[in-house]
Amino acid sequence: MGGVMTWMYRGGRPNRLARMMNALSAWQYGAGLAPRHWVTMEVPGRRTGRTVSVPIVVADHDGERYVVSMLGERANWVANVRAAGGRVVLRRRRREPVRLVEVPVAQRPPILRRHLALAPGARAHVPVDRHAPLAEFAGAAAGIPVFRVVAAEPSAR
């Protein structure tokens, strides 16, 4: 399965098949028809401003929730989240406006390991085995963006 996943995201970008599967997964995750950690993230596109829906896995660790980019810095949604100041919507049966705050590299290893335990599709893209010691995750952490999910601040009216 890892070889297929690598082929679908060659160069860090989804090919046509991956885009179609992501669209289906985004609908499925948002409707709540998948495991509870699988959700759809909606983020405004940094160039068009149109909402982009991305199927993601939300990893829980030490009472917090995190979003990890399985494709590393190359993922388009990472650039969109940064351009939006971290303001996104998570969907799983209902809409949850949140803010994503980037996690410092030194704090990422245990979150990355938890993410790989929950996201089988990500394993082919991360250069560390999910059962590896945390020290091995530390070596890969700088190239894999991790964001903590925090409640969105109420909008001013």
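**Which strands pair up?**

Me: How many bridges join strand S5 (residues 95–102) to S6?

Reply: A strand here is a DSSP run of E with at least two residues, numbered from the N terminus, and two strands pair if DSSP finds at least two bridges between them. This is a predicted model, where local features need pLDDT of at least 70, side-chain atom pairs count only at pLDDT 80 or more, and totals for chains, interfaces and linings use all residues. Residues are numbered from 1 along each chain as its sequence is written, and side-chain values use heavy atoms, leaving out hydrogens and water. S5 and S6 run antiparallel, and the number of bridges joining them is 5.

Me: Why is S1 largely enclosed by the rest of the structure?

Reply: Buried means under 20% relative accessible area, with exposed over 50% and partly exposed in between (1.4 Å probe, protein chains only). S1 covers residues 38–44, and it's largely enclosed because the number of its 7 residues that are buried is 5.

Me: Which residue in the turn between S1 and S2 has a positive phi?

Reply: S1 and S2 (residues 51–61) pair in the antiparallel sense over 7 bridges. They make a hairpin with 6 residues between them, and the one with a phi of about 80 degrees is Gly 49.

Me: What's the bridge partner of Thr 40 in S4?

Reply: S1 also runs antiparallel to S4 (residues 87–91), with 3 bridges joining them. In S4, the partner of Thr 40 is Arg 91.

Technical notes: Helix = DSSP H or I, 4+ residues; strand = E, 2+ residues; numbered from the N terminus.
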